[in-house]
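Subject: Structure handover

Hello,

Here is the structure I said I would pass on. My notes on what was found in it follow below.

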Amino acid sequence: MTTCCCIIPDYLLNTIVEKGTAPQHIVHACQSTLEKTKLLQSSRVEAIASAQRQPPSEGIIPPYIHETIARTAATVEEREAALSTLTHDAKRRTVARPTRQLNRTVYNSQHSWDDPPPRDKIAIKEGGALISEAEDPTKDANECYIGLKKTYDFFFKFFQRNSINSRGMPLDSFVHFGVHFKNAFWNGRELVFGDGDGIIFNGFTDELDVMAHEFTHGVVQYTSPLDYTFQSGSLNESLADVFGIMVKQYAENPDNPQTVDQSNWLIGEGIWAAGVNGRALRDMKNPGTAYDDDRIGKDDQPAHWKDFKKLDISQDSGGVHINSGIPNRAFYLAATKIGGYAWEGAGPIWYKALTSGKLGRNATFKEFADLTIENAGKHGDEIKEAWQLVGYPFPDSRSEL
Ligand SMILES: [Zn+2]
């Protein structure tokens with residue numbers, strides 16, 4: 001099973017290597033990133049597998065037991081005691097807010113390739129001062145530290161989620177991983193950022209949507225650990241983009257956040273270095289149009305099920321970064337049909353589907369779409385229409401993977 005949740009797909013790096021039109025040292029660096037990524041992928045299966053679904057925030061005695069006691073109580077006292085417990089539990093479930101437990105540590109990997117990365121060099125610890133430009137001219141550690149807070153705050157404020165596992169999981173992250181490593185990833189325990197090369201790829205820490213994308217892979221792992229292959233992998237990728245774009249829309253300027261109409265719906269807008277013909281890594285509004293460059297190839301994301309790419313497991317783990325264009329566009333359409341701020345409209349519906357406990361590891365597009373429709377409340381029509389515009393109802397068969 002492939003479980004690397006990297007922001008840059010292998011096929012893109014492969015294209016750079018195969019075309020060979022980039023400077024030779026860049027081609028070699030891409031080759032090296034690919035090789036290192038394969039090693040990293042195999043080492044993190046265990047971390048992902050060990051993640052536990054979080055138990056629901058319920059008391060040990062389920063409500064239906066108290067309801068039965070109240071209904072069958074022999075005395076008025078027993079009945080009132082059961083009813084009062086029910087009322088108390090319901091109130092607690094309604095008003096219980098998670099404790100805020102932001103706990104960041106940014107480590108400097110100092111270009112080590114070790115995974116897990118070494119922890120001997122702490123750049124910034126929670127509550128500590130930002131580091132000076134002399135110490136880190138790239139500002140990666142500072143950007144990472146600030147971006148983690150913005151992402152944590154977004155999930156806490158709008159989804160009452162206390163960190164990746166909603167139990168205050170420490171946010172350990174690593175900057176300056178490897179040498180010219182052209183990727184960022186969630187390794188099942190930590191967020192890891194390479195430096196890029198400055199020729200094709202800029203760094204990754206200054207993009208809030210990239211930060212939130214990797215953070216969300218962690219959230220998916222702890223809520224509905226979708227297998228990172230085929231359609232379930234595309235859903236995993238898409239969910240990371242969905243929450244990534246919402247963090248970008250809100251947190252780039254929380255005093256004046258973007259509505260769904262103001263957003264450009266671009267993921268990884270600053271990833272490409274100057275001279276690369278690309279607006280971003282992905283475009284949720286118009287999948288398949290984010291880049292087109294001799295050195296890196298053309299954005300190949302479909303925007304509709306009719307263009308779904310049937311790929312085998314060796315090709316982008318069955319197309320996880322490619323076919324995610326379809327659910328990405330569904331979210332864009334749903335969010336714009338509802339209007340306003342995405343985290344008040346379509347966002348909570350996607351979050352409910354993600355945390356419903358009903359999303360299987362090998363969920364299909366159809367199953368996920370049905371879950372969002374089921375959780376859409378008064379927006380059922382808009383959500384269904386959004387999915388229909390990208391091909392719903394999709395063939396609900398795993399033979400169509
Ligand atoms: Zn990803």
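Please keep in mind that the model is a predicted one.

Which residues line the largest cavity? They are Pro-9, Tyr-11, Leu-12, Leu-281, Arg-282, Tyr-291, Asp-299, Gln-301 and His-321. By type, the lining divides into five nonpolar, two polar and two charged residues.

Next, the zinc ion. Its protein donors are His-213 and His-217, each through NE2, and Glu-237 through OE. These donors lie 2.0 to 2.1 Å from the zinc ion. Along the sequence, the donor residues follow the spacing H-x3-H-x19-E. His-217 belongs to helix 7 (residues 208-223) and Glu-237 to helix 8 (residues 230-251), so this pair ties together parts that are 20 residues apart in sequence.

Now strand 2, which covers residues 104-108. The strand is mostly covered, with five of its five residues buried. Arg-104, Val-106 and Asn-108 point one way from strand 2, while Thr-105 and Tyr-107 point the other way. Residues on both sides are buried.

Strand 2 has these pairings:

- With strand 4 (residues 171-175), strand 2 runs parallel, and five bridges join the two. Thr-105 has Asp-172 as its bridge partner in strand 4.
- With strand 3 (residues 122-125), strand 2 runs antiparallel, and three bridges join the two. Tyr-107 stands opposite Ile-122 of strand 3.

Last, the cysteines. How many disulfides are there? With a disulfide taken as a pair of cysteine sulfur atoms within 2.5 Å, the count comes to zero. Cys-30 counts as buried because its relative accessibility is 0%. Cys-144 is buried too, with a relative accessible area of 0%.

Regards

Terms used:
Residues are numbered from 1 along each chain as its sequence is written. This is a predicted model: local features need pLDDT of at least 70, side-chain atom pairs count only at pLDDT 80 or more; totals for chains, interfaces and linings use all residues. Side-chain values use heavy atoms; hydrogens and water are left out. Donors are N, O and S atoms within 2.8 Å of the metal (3.2 Å for Na, K and Ca); water is not among the atoms, so sites may look incomplete. Helices (H or I, at least four residues) and strands (E, at least two) are DSSP runs, numbered from the N terminus. Buried means under 20% relative accessible area, exposed over 50%, partly exposed in between (1.4 Å probe, protein chains only). Two strands pair if DSSP finds at least two bridges between them. On a 1 Å grid over the protein atoms alone, a cavity is a set of points where a 1.4 Å probe fits but cannot get out, and a pocket is an open set with protein on both sides within 12 Å along at least five of seven lines; lining residues have an atom within 4 Å of a point. Ala, Val, Leu, Ile, Met, Phe, Trp, Tyr, Cys and Pro count as nonpolar, Asp, Glu, Lys and Arg as charged, and the others, Gly among them, as polar.
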